[in-house]
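I am opening my notebook on this structure and will set down what I looked up, entry by entry.

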Amino acid sequence: MDVQDRSGKTGPQEELAARLRLLQELSGLGVRALARDAGLSSSSLSRYLTGRTAPPWPAVVALCRLVKRDPRPLRPLWERASNPLPAPPRSSRQVRPLPRNDLPRDVPDFTGRAEQLAAVFAAIGSHRAVSVDGMAGVGKSCLAVHAAHRLAADFPDAQLYVDLHGFTEGRPPLDPDSALRMLLAALDVPSERVPQEGLEQLAACWRSELARRRVVVVLDNAADADQVRPLLPGAGPSVALITSRNRLLGLDEVPPVSLDVLSPRESAELLARASGDPGGPDGRLGRDPQSAAEVLRLCGHLPLALRLAAARLRHRPGWTVGILVERMAEGAGEFDTAFAMSVRQLNRSQARLFRMLGLLPGASFDEYVVAALADVPLPSARAMLEDLVDAHLVQQPTAGRYRLHDLVHQHSRRAAEEQDSAAERERALNRVLDYYVHAAAAADAAMPFVSSGRTASAGRRPAELPRFEDKNAAFAWLVTEYGNLLAAFETAAAVGADLHVCELPRFLRAYFARRCGTTHLNVLFERSLAAAERLGDPLQLAEAHSDLGFARYNAGRMAEAAAAYEAAGLRVSQAGDVRAEAELAMRRGWMSWDEGHVEEPLALFRLAGTLYERAGCPTGVADAAASEAWTMLQLGHRAEAAQRAREVLDVPHSDPAWPPALTARITLGVAIAGDEPGEAVEHLHRALELAREDGHLHNQAWCLNCLGVALRQMGRYEEALAAHREAFALLDELFEEHWKIHFLNGYAETCRLAGLPEEALRLHRQALELAPGLGNRYEEARAHDGIAVVLDATDPAAAAGHRAAGQAVLRELHAR
């Protein structure tokens, strides 16, 4: 149609298209990406944006939701654009007293689907046709038939139904020619008016008959767009409701409504209604809610499976819900029939991929792991996934992520066991494990603050891996894939893939440092060490002991950390890997300082710098130098610490978040706080920005506490207290009390100078309680000394006792 009238004025369809183009600009997406995220075809969206076609109302709603805009103001404009001409007059043709009604019985237990029903009616109102798609057993036919019954009063001339048998086992899909003849006969069209040959002629006859009537027709189980296109109404008031297991992408003029499984509430309601359960605490479901919930889980919230389960309860009044759960857990064979019919529509490659998807260890997946699983190029994996999504065997909850429904996953896994050899399944699973280790290594390499600096050696590197533009992209990937990575680790352990078990946790330290704390990482590294011992490789053993020591240290288990580091030291020289030796020296240096040693940490950091230089790792050299500067500061050598920190910051580098800069800026900020407060605060604020950008809560707490110390030295006590309090709020969030030992005494000193002696005393005593168990003698000595200073004015004798105890600890440390 023309979008402008003869006077040149813009019509409602062009005005609506202009409004939709504004929505696209807000989204910042291209047409293809916007269409994908809105669940539309790119060709349809292109027509909507150019004004060639008025979109269905659900499409307008989907586009508005993507950019968080209210669609309701567009409704009047959409109605004018969608109905540019007055409705055709009602046919004056006499109708039979008893119109034809071929609709199947409406199910008495129809449950939920309010939003989908509304979308169906909206599409019928705007386009006089709608396609309802979804996986087998999800309730497509039930919804279409229910909607047709609801529409019957508005379409009194006939209510027709035809099963197109697109997925019926043992018979081919109904061809359009036969379907049209059935439908014309249902309208009682005289045979002399029905063309004897030619699909186009039959379709034209059908459209002509519908144009003169008000008919609702359900076209159930369509195989594809080609099968259903000749059956659609043309001009006139009649409407069609189509169901298919595939998205009918070729029917651009027909709005789609996709069905997912029922919500938990709807599932529970359907199970109760279909089983005849009276509800409440007196019913079988109410008496055993835990088993009832398990039934819903086993059924996967699919209406088909729920009705099958409910039928067993309804016809077996002596069964408890627990018995039903036991029988269902024995095997889900009766639920497989619907899925098997969907699988039979796939070609050989698609069917092979579908079976292999059951081998994936995680809950959701992307196209990269699927390419590795099937050993196909990424574009092929993407195309096959789209085919499986269209077949509703694979769900796409968000752009770029896929999942299998639990029941579908069971079916695909059993199909793989039945149709693929054990050797082929093993090769596919190994490719998945290879993928997760190498992808995690790539993400780790983009996380500079705690990157292992290692490359993966387990298995074969996949042809395609995700590309991480920066550490934020890498961290987002780790967040998304976390569950899958742990599932891959468990799978590797179960199948004896020891090298994967050794390496995968090493590349997850970045994620654990930012999100998960240390407890789980300790468990993973314990199992990695066991795998390394089975392998017997010196380097793997050295790194496994070192990694376990690092996890123990971060958990405050200092004695165990020392033992692990000692074991690593015995093996690292045997392995002959200079970089591993440098990393171990750095780790031992930090633990030695925490234990209160004075000279040993400096020696270890300097050794690490020498080793990193031999290994050709400039970032490692700078990191060791920054640690050396921090140690000098703690020893009271402020000028030397500031000079070393400035040397680190002067090293040329291109990364604005260069890892050694964090330690160097913290050290420099505290070292010069008394002499150059402006520059000091600037360095500390920049360090805090780096830690926040990196999402590392431990480092944020470190920065905030050091900022508190520097502000205290400037006499800005209220600001200092605020910084300490924010730091401790982060530590409380981490649920790792042992980390507080690094900061309690400094916080306490700030409280004392700010006129809060009781709070200072409480914090020093907390440090004194924590320090011995953590093996941190230096903080133990500081706590004694801090308590002595607070008590000097009120209890000199107690103060003297604490001061003597602190000095004894320091003498012991220096004597080592």
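This is a predicted model: local features need pLDDT of at least 70, side-chain atom pairs count only at pLDDT 80 or more; totals for chains, interfaces and linings use all residues.

**Entry 1: two helices**

I looked up α17 and α19 and found them roughly perpendicular to each other (angles of 65 to 115 degrees count as such). The axes of α17 (residues 348-357) and α19 (residues 378-390) come within 10 Å and cross at roughly 85°; axes are lines fitted to C-alpha atoms, for helices over the stretch in contact, with angles from 0 to 180 degrees between N-to-C directions.

Residues are numbered from 1 along each chain as its sequence is written, and side-chain values use heavy atoms, with hydrogens and water left out.

**Entry 2: aromatic rings**

I found eight aromatic pairs in the structure, a pair being rings of Phe, Tyr or Trp (its six-membered ring) with centres within 6.5 Å. Phe-365 and Tyr-402 are stacked (planes under 30 degrees apart), because their ring planes stand at 20°, with the centres 6.2 Å apart. Phe-365 belongs to strand β7 and Tyr-402 to strand β9, 37 residues apart, and the pair links distant parts of the chain. Phe-365 is buried at a relative accessible area of 4%, and Tyr-402 is buried at 4% (buried means under 20%, with a 1.4 Å probe and protein chains only).

Technical notes. Helices (H or I, at least four residues) and strands (E, at least two) are DSSP runs, numbered from the N terminus. Angles under 35 degrees count as roughly parallel, over 145 as roughly antiparallel, 65 to 115 as roughly perpendicular and the rest as oblique. Rings of Phe, Tyr and Trp (its six-membered ring) pair if their centres lie within 6.5 Å; planes under 30 degrees apart count as stacked, over 60 as edge-to-face and the rest as tilted. Buried means under 20% relative accessible area, exposed over 50%, partly exposed in between (1.4 Å probe, protein chains only).
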